[in-house]
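Visitor: Could you walk me through some of the ring contacts in this one? I'd like to look at it while we talk.

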Amino acid sequence: MIELLRSRFAATPPDDKDVAIVGAQLRLAEALAEGGNPDEVAAEYLASLEGFAREHLNPQLEQFLGRMEETDTSIDVMREALAHASTMGDPSETAIAATLGARLINLPVTPEISAEAIAMLQRSLDLTPTESPVWPRIASNLANAYVNRPIGDPTDNWEIACRLLDQACQESFLKLDPRQWAVNQTNYGLLLAEPPRGATSKDITRGIDRIRDGMQQRSPTENAVDWGYSLLNLGHLTLRRGDTGDFERSMAYYREALTCLDPTDDPRLWAALQLNLADLLLRSVPNDLVGAEAAATSALNALDEHTDPFTVGRARSFLAGLKEQQLGRLAPETLALRADALRVLDPVAVPELHLEVGGKLASAYADLDDWSGAADVFTGMLQALDHLFAVSLSETDRRRALARVPKLPRWAAYAFARIGRVADAIETIERGRARELGTSVSRDTADIARLSETDPLFADRYTTALREYRAALAETNQKEFALQVGPKRVRAAELGLRTVTDEIRQIPGFVQFLLPFTINEIADAADGLPIVYVLSAPAGSYVLTVHPKIEGRVDTSAEHVDSITSTSVAKYVYYDNDTGEHGLISAQQDPDPEMPELTQALTKITRLGPLAEPITKTLEKTPQHCVIVIPTGLLGMVPLYALPTGRGDGSTLDDVGEIRIAPSAASYAASRTRAAMPHDQHFVGVANPDGTLPGSAAEVTMLGDLFDRAGDSPSLGIGVAANRSWLLANAHAASHLHLACHGSADVDTAIGGTLHLGAHTQVTMNDLVTLSLPSCRLAVASACQSGHYNTNSTTEEVLGLPTGFLRAGAACAIASLWPVDDDATALLMTRFYELLDPISKTTDEQQPTSAMREARKWLRTLTDESADNYVNTHPALSESFRRLGIQRLRTSQTTGLEKPYDAPECWAAFIVYGC
């Protein structure tokens, strides 16, 4: 021990004050080792420490205590002073710990900062007598620390904060510090009105009562600002409660506060009151446009955009809305106010308001053909959307974020392409396409899972930072401006999130952590094939192509198709309100089994042919005659491979080459990786679970026989036995999952959609994602409109059954865009699986996209004779047809066609996603 102290003493720099302590420790040890009197040795040691304290610590403490309230005093200096005070047992320890804790709760929240703040404030509170006038202030800060605590159960944290504030609001503290007591009552009221479970009218009323209790110690004549804050919060909570008369009461609170204040008393408070009043005047019946404009203008005049950009932006946005009502949305005054508002609204601090204002401004610029201006606005909006999505921890919250601006990536990409920023356009649309699906099949989930394995502490820090940022946004994104929260917490939380993300990117192997695909990565994902994005917007469409790399360089091209707009696509796909003609979706509601409306709708779809012409050129130039196509928006519901090439010979894209459909480049890359992994073959088939699809039993029985001949023992669920339990018990082991049952794609209630099975049971795609399909080379949903997805709030992401299968782990998924006759489906699927060739090819050798293309082309060529010969030479198929009493519905006699399956409604319905 003595030698250790000697070496430490020798190594201590001469100017380091720690030398005194180490020296005293060394002398103490040497004296005891030499047999010195313990009492005398201890006295000498304490004298040395007292001398050190007089010479070094006391002056430091005095200097620190003198400037403890200064905002520039560093956290590290406070920590050092606290250590000195604790060592000396100095009574200043209490005040230093309280000040340090108060400073820490204003820093960006991390688990470490939060824990230290709580520890410091609790330490100070423990050292402070409960009768001390500073006890309530420390308790209030500690309550604040628990409210913002990023870890632990939110309800537990809220309850601890409530208990602390309840104690701080005891009557005994009223006489000690009336102002602090009133502050604590207000904070307690706001906290009671925001329980984690969600506030009821009763909760809000309790909060209102507390604020009113606090107002008993406030007066508009003694302190107009304090009085104004109370009225602001009262107005905010009263309006939230929404009881009879609360609208009028809230307005009265704001008016009363403004009569007691001058704009110079507290500009931010003044502006908040005026803006809330302006909002209510605009919502009044009848509305008061003049009064609303005067109130908003008064708010704006009181503010400085450099010190309070958020409130300035809100005021300008409000005034822009008034100008739009008076002069129109394209009026120069309206545009100028919105542009000025957007300039100061940070897309990270206030993403929802930025998106709201930006959407209106970008739309106006597009109508004015100012694509450069629109592109600039879209750039900020994309940043705001990225942040909203990034901090959404649940499936529901992510979809809610995307639903705010469902077409933003596509419209932004269109604007970028219009001004020649083709690479930016492609990266933007890929980012939009890969967001939701990307959480499972591209880098997002993979990166986070990999980080959890590499460094669990960093993974926890990242998740915690996400929660804090999300919680801060939830508080800030309130229509009413209450001032108890604001963009300050959001900026602090965003800084914390950005800091931990940057630190993660310093870890070897994590340089690209959570970054979207770049144009180079998109080209790499295509594995030497062109990748084509097809997008439509109100002003036209674009076909954007990423060409294969040449000597490591990526080339892109863009072809504008101004004759096709998103409006015309909606008419062809859904319904034409102008003519009353059905589109592809509404035509399927026709009760006629022959569905003449579907035939007419498919004829209308050919008007999208101009979009196919650039793809045709790319196919012809590509040696493999194969391209990857990523359709966006409603184009994902269109059989693009059936579109005419424009060559005048009646050919379709399917005739020219192979079209591989993918939701995004990221998902295609994941599919390609999965497809290359060999697995043992096992066929799992479901057929006719509710008795309404008799032909599907023939289809699945035949396919089971094919796999049986390949050495597999297939698992077949036919009829009512194919229920939820059966599918979940068998699907996990499937290399080929074939579902000939009814399905629906309701993305509001389930991931990807719902499968309707036997015994009135259902399986959602959420079930399959949770279960996972780790060995699935191919998943097929061969009945109904299984390729549909939500059309009311279509995002850039195709969230239907096929992408649900990809999310569950399948390398490839096939779905139907419309119902197809039993005989046509059975013929097509039988031939498809033959071409897939599970008998002689391993799972990694099989090519579903190519096999489906060849099966489609084969079906189109069948005559009555060749179709009958095919059925007769496939015993399992013919036996199933015979047993079920199924006849071929389409013949030359019933259709009047020599090749009865040549109509697109027979062969074009089945769309293949993935690789």
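Predicted model: local features only at pLDDT ≥ 70, side-chain atom pairs only at ≥ 80, totals over all residues.

Visitor: Where do W135 and F173 lie?

Guide: W135 belongs to helix α7, residues 135–147, while F173 is in the loop between α8 (154–168) and α9 (178–192), so their pairing ties together parts that are 38 residues apart in sequence.

Visitor: And is W135 buried or exposed? What about F173, buried or exposed?

Guide: W135 is buried, since its relative accessible area of 7% falls under the 20% cut-off. F173 is buried as well, with a relative accessible area of 5%.

Visitor: Which other pair is stacked?

Guide: F683 and F707 also form a stacked pair, with 4.9 Å between the centres and 25 degrees between the planes. F683 lies in strand β6 (residues 683–687) and F707 in helix α31 (residues 694–709), so this pair ties together parts that are 24 residues apart in sequence. F683 is buried at a relative accessible area of 0%, and F707 is likewise buried, at 0%.

Visitor: Which residues form one aromatic cluster with F683 and F707?

Guide: F832 and Y833 do, and together with F683 and F707 they make up one aromatic cluster.

Visitor: Switching to charges over rings: which ring does R831 lie over?

Guide: R831 lies over the face of W858, at 5.9 Å from the ring centre. In another such arrangement, the charged end of R860 is placed over the ring of W907, 4.3 Å from the centre of that ring.

Visitor: Different topic, then. Where is Q180, and is Q180 buried or exposed?

Guide: Q180 is located in helix α9, and with a relative accessibility of 11% it counts as buried.

Visitor: What does the Q180 side chain make a polar contact with?

Guide: The side chain of Q180 is joined to that of N184 by a polar contact of 2.9 Å.

Visitor: Leaving out residues up to four places away in sequence, which residues does Q180 touch?

Guide: With those neighbours set aside, Q180 touches P136, R137 and S140.

Terms used: Residues numbered from 1 in each chain as written. Heavy atoms only, no water. Helix = DSSP H or I, 4+ residues; strand = E, 2+ residues; numbered from the N terminus. Buried < 20%, exposed > 50% of the residue type's maximum accessible area, 1.4 Å probe, protein only. Phe/Tyr/Trp six-rings, centres within 6.5 Å; stacked < 30°, edge-to-face > 60°. Lys NZ or Arg CZ within 6 Å of the ring centre and 35° of its normal. Polar contact = N/O pair within 3.5 Å; in protein donor to acceptor, adjacent residues only side chain to side chain. Contact = heavy atoms within 4.5 Å.
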